[in-house]
Amino acid sequence: MSVSQPRTDKNRRPILRVAVAAMISPKETAIYYQELIDYLAAKIYHDVELIQRKTYGEVNELLAKRRIDLAFICTGPFVTGADRFGIEAIATPIVRGQPFYYSYLIVNNNSNMKSLIDLEGKDFAFTDPESNTGALVPRYWLRQLGATPETFFRNFTYTYSHDNAIMAVAKNLVDGAAVDGHMWEYYQLRNPFYSSKTRVIKKSEPFGSPPLVVSKTLDPEMKEALKKMILSMHEDQQGKRILDELMIDYFAPPQSEWYTPVKAMLERISIEGNQ
């Protein structure tokens, strides 16, 4: 099935503009997402323009300005920016039979730290400031202790990707980090060079996994075509192979209740921060 799009270059097929938020570094993004993106583009007979930005906020801004058709974004920015940036989730990855993921608090294998308390006065790595698993969750944990990153850690930094945070802990550049559990598990299975040098000392409650989103201004026919393709990938031999490589069972239609815990956590932090 071919879906017409007005954005075309002369003598080229229509262009699908796809953004990947910096959940992993640019090099790893190409490895992790390229086959999936190429698969979708081939199914709807489009060429792909892959757009990468350093921060989640930059990707949301591009969605708001209608410069992106499709995007892989983090759960945090999706929850906080759905209304503000006019984005709509069309699919959620199901991993190990669940539509959820977790924040993992990790430390170096050689450290003697066993809990968040042990990281007091240490050096810590967040990922993106708007990341759910890499920033919001650990800030929430600190709030429960009556602390903030400024009062709890000796120093803290932002790595702007989960693989860089894992590497920073593995190389003892920082004492601990909070990362996307899907990413950590993926590296443990596919490329454990750095992740195997770390260990998980705390896991969060489950949150809805990072969704695949489109701009609400995207042509409705195109949106439906993309949705149909992504939700049926697991029924296609090539699609199933790609999903298996990504450790994704299949994509499912998003349910709002999967993301309620993130909203509740944000509200809790906001209320306590204003007290």
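Me: Is Ser103 buried or exposed?
Reply: This is a predicted model, and Ser103 lies in strand E6, residues 103-108. Buried means under 20% relative accessible area. Ser103 has a relative accessibility of 0%, so Ser103 counts as buried.

Me: Which backbone oxygen does the side chain of Ser103 reach?
Reply: Leaving aside neighbours within four places in sequence, Ser103 is in contact with residues including Val137, Trp141, Ala178, Lys202 and Thr133. A polar contact needs N or O atoms within 3.5 Å. At 2.7 Å, the side chain of Ser103 reaches the backbone oxygen of Thr133.

Me: Which element gives the most to the lining of the largest cavity?
Reply: The structure holds 1 cavity of 30 Å³ or more, with about 270 Å³ of space in it. Two elements give two or more residues to the lining of this cavity: helix H1 (26-43) and helix H7 (181-190). With 4 residues, the one that gives the most is H7.

Me: How many residues in the lining of the largest cavity are nonpolar?
Reply: The largest cavity is lined by 22 residues, and among those nearest its centre are Tyr32, Pro93 and Ile248. By class, 2 lining residues are polar, 3 are charged, and the nonpolar ones number 17.

Me: Which helix gives the most to the lining of the second largest pocket?
Reply: The second largest pocket has a volume of about 170 Å³. It is lined by 10 residues, with Phe78, Ala82, Ser256, Tyr259 and Lys263 the closest to its centre. The helix that gives the most, with 5 residues from the range 75-85, is H3.

Notes
Residues are numbered from 1 along each chain as its sequence is written. This is a predicted model: local features need pLDDT of at least 70, side-chain atom pairs count only at pLDDT 80 or more; totals for chains, interfaces and linings use all residues. Side-chain values use heavy atoms; hydrogens and water are left out. On a 1 Å grid over the protein atoms alone, a cavity is a set of points where a 1.4 Å probe fits but cannot get out, and a pocket is an open set with protein on both sides within 12 Å along at least five of seven lines; lining residues have an atom within 4 Å of a point. Grid points are joined across faces, edges and corners, and a volume is the space filled by probe spheres set on the points. Buried means under 20% relative accessible area, exposed over 50%, partly exposed in between (1.4 Å probe, protein chains only). A polar contact is a pair of N or O atoms within 3.5 Å; within protein, one must be able to donate a hydrogen and the other to accept it, and residues adjacent in sequence count only if both atoms are side-chain atoms. Contact means heavy atoms within 4.5 Å. Ala, Val, Leu, Ile, Met, Phe, Trp, Tyr, Cys and Pro count as nonpolar, Asp, Glu, Lys and Arg as charged, and the others, Gly among them, as polar.
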